[in-house]
Amino acid sequence: MAAVFAAGVSAGVVNAVVGSGTLITFPVLLATGLTPVTATVSNALGLIPGSISGAIGYRKELKGQGRRLLKLSVGALLGGLTGATLLLALPASAFEMIVPALVGLALVLVALQPLISRSVRRRRSRTGHSGRRDGGPLLFTGLTLASVYGGYFAAAQGIIYMSLMGMLLDETLQRLNAAKNVLAAVVNTVAAVFFLFVADFDWTAVSLIAVSSAIGGQIGATVGRRFSPAVLRTLIVTIGTVAIVQLVLK
């Protein structure tokens, strides 16, 4: 119980700042003897308060993003529900090959985001087109597909969100991080509600992670908003690299 609680705090911090907190809680839940599916669904439900806590912690950065998030949340909801369904329908190995490559591509995009953003701004300046504040159909489709993965497992989904939004939205990393926390909360919630009707939970694990991740979410939001864009980008790439190694070794 102490190990699960500590993992929940750590996951809440990491999810609020970067994403990938599932890579902390999931192995700990397996080590306590839970089956992979029970660990996954219990983790998804338990992390909801942490996601909400992180979003509340970034509430200042969410100002002016309401309409955009409302639209993108529809894609997150549909994707999360699809991913949750696939978790129960597909073998556990279904995503093992594609996930490391997907996270790796996301990290490259995060690292190159300043160059990509400058290139996009120069092109818009030449054409006189200001771009769409919601990222257009490309961002909606990309985030919906990323949410399918998030509903299935959720590890590093925040990094994928950050890479997509960083390419297609002219916003600071901190505002993108705030939006990422909201979208992650939507995916976790819809997946967990679906699991309530079709899967078995370990309610002790759910309770421990719910309380501890909420604490971690507040800590992460307080610390994360102080990071400069360069530091935050470096942290994303570092944690994402560790995530890839862990996923490959697993």
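1. Let me start with a charged pair. The side chains of Arg68 and Glu171 come together in a salt bridge, with 3.0 Å from N to O. This pair ties together distant parts of the chain: Arg68 belongs to helix H5 (residues 66-89), while Glu171 lies in the loop between helix H9 (157-168) and H10, 103 residues apart. Do keep in mind that this is a predicted model, and that the distances here are computed from it.

2. Which other residue forms a salt bridge with Glu171? It is Arg175, and the closest N and O atoms of that pair are 2.7 Å apart. The structure holds two salt bridges, and Arg68, Glu171 and Arg175 are linked in a network of them.

3. Glu171 counts as buried because its relative accessibility is 18%, and the cut-off for buried is under 20%. Arg175 is buried too, with a relative accessible area of 18%.

4. Of its 250 residues, 54% count as buried. Among contacts between residues at least 6 apart in sequence, 83% join residues at least 24 apart.

5. For your annotation check, the unreviewed UniProt entry lists "transmembrane region" for several stretches, including residues 182-199 and 206-224. In the model, residues 182-199 are 94% helix and 0% strand, with end C-alpha atoms 25 Å apart. Residues 206-224 are 100% helix and 0% strand, and their end C-alpha atoms are 25 Å apart.

6. Helix H11 (residues 203-224) deserves a look. Its 22 residues reach 30 Å from first C-alpha to last, close to the 32 Å expected at 1.5 Å a residue. At the start of H11, a side-chain oxygen of Asp202 comes to within 3.2 Å of the backbone nitrogen of Thr204.

7. Which residues of H11 are buried? Among them are Ala205, Leu208, Ile209, Ser212, Ser213, Gly216, Gly217, Gly220 and Gly224. As a reminder, an α-helix has 3.6 residues a turn, so residues three or four places apart point the same way. What covers the buried residues of H11 includes helix H1 (2-17), helix H2 (22-31), helix H3 (36-46), helix H4 (48-57) and helix H10 (173-198).

8. Within helix H11, I would zoom in on Gly217. Gly217 counts as buried because its relative accessible area is 0%. Leaving aside residues up to four places away in sequence, Gly217 touches Gly12, Val13, Ala16, Gly50, Ser53 and Gly54. The C-alpha atoms of Gly217 and Asn15 are separated by 7.2 Å, although these residues are 202 apart along the chain.

9. The largest nonpolar core has 57 residues, of which Leu139, Leu143, Met165, Leu183 and Phe195 touch the most other members. H10 gives the most to this core, with ten residues. What does Met165 touch, not counting residues up to four places away in sequence? Its partners are Leu139, Leu143, Leu176, Ala179, Lys180 and Leu183.

Note on methods
Residues are numbered from 1 along each chain as its sequence is written. This is a predicted model: local features need pLDDT of at least 70, side-chain atom pairs count only at pLDDT 80 or more; totals for chains, interfaces and linings use all residues. Side-chain values use heavy atoms; hydrogens and water are left out. Helices (H or I, at least four residues) and strands (E, at least two) are DSSP runs, numbered from the N terminus. The expected span of a helix is 1.5 Å times one less than its number of residues. Buried means under 20% relative accessible area, exposed over 50%, partly exposed in between (1.4 Å probe, protein chains only). Contact means heavy atoms within 4.5 Å. A polar contact is a pair of N or O atoms within 3.5 Å; within protein, one must be able to donate a hydrogen and the other to accept it, and residues adjacent in sequence count only if both atoms are side-chain atoms. A nonpolar core is a set of buried Ala, Val, Leu, Ile, Met, Phe, Trp, Tyr and Cys residues joined through side-chain atoms within 4.5 Å. UniProt positions are given in the numbering used here, feature names are shortened, and annotations may be inferred rather than shown by experiment. A salt bridge is a side-chain nitrogen of Lys or Arg within 4 Å of a carboxyl oxygen of Asp or Glu.
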